[in-house]
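Q: I would like a close look at one part of this model, with some context around it. Please keep it brisk.
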Amino acid sequence: MFGKRQPEPPVRQDQVARLIKATDDEDTAAARDIDSPQFGRARAVRDAVARASTPAEIDAAYDAWRRGAR
């Protein structure tokens with residue numbers, strides 16, 4: 001409870017770029033057809049990339065993607 005606080009890991013820019021690309025690919029596939037197998041694959045890729053990311057990286061990627069830095 002009162003132990004040393006763990007430092008947050010640094011935000012890896014390459015991981016943020018992967019998250020942005022995967023989110024953009026998923027968004028593009030959803031715009032074409034949400035019932036297509038391409039959308040399922042794009043969602044699976046984005047989920048896999050997100051599992052390998054820290055919360056700070058996910059937040060940074062989401063903010064960048066929303067700003068349009070695709």
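How far apart are the mean positions of the positive and negative charges of the chain? Then look closely at one part: which residues make up the largest nonpolar core?

A: This is a predicted model: local features need pLDDT of at least 70, side-chain atom pairs count only at pLDDT 80 or more, and totals for chains, interfaces and linings use all residues. Residues are numbered from 1 along each chain as its sequence is written, and side-chain values use heavy atoms, leaving out hydrogens and water.

Charges come first. The chain carries 13 positive and 12 negative charges, and their mean positions lie 4 Å apart. Lys and Arg count as positive, Asp and Glu as negative; His and the chain ends are not counted. Each charge is placed at NZ of Lys, CZ of Arg, CG of Asp or CD of Glu.

The chain has three helices and zero strands. Helices are DSSP runs of H or I, at least four residues; strands are E runs of at least two. Buried residues (under 20% relative accessible area, 1.4 Å probe, protein chains only) make up 24% of the 70 residues.

The largest nonpolar core has seven residues: Val16, Leu19, Ile20, Val49, Ala61, Ala64 and Trp65. Such a core joins buried Ala, Val, Leu, Ile, Met, Phe, Trp, Tyr and Cys residues through side-chain atoms within 4.5 Å. Helices α1 (13–32) and α3 (55–67) each supply at least two of its residues.

Take Val16. Leaving aside residues up to four places away in sequence, Val16 touches Val11, Glu57, Ala60 and Ala61. Contact means heavy atoms within 4.5 Å.

Technical notes
Buried means under 20% relative accessible area, exposed over 50%, partly exposed in between (1.4 Å probe, protein chains only).
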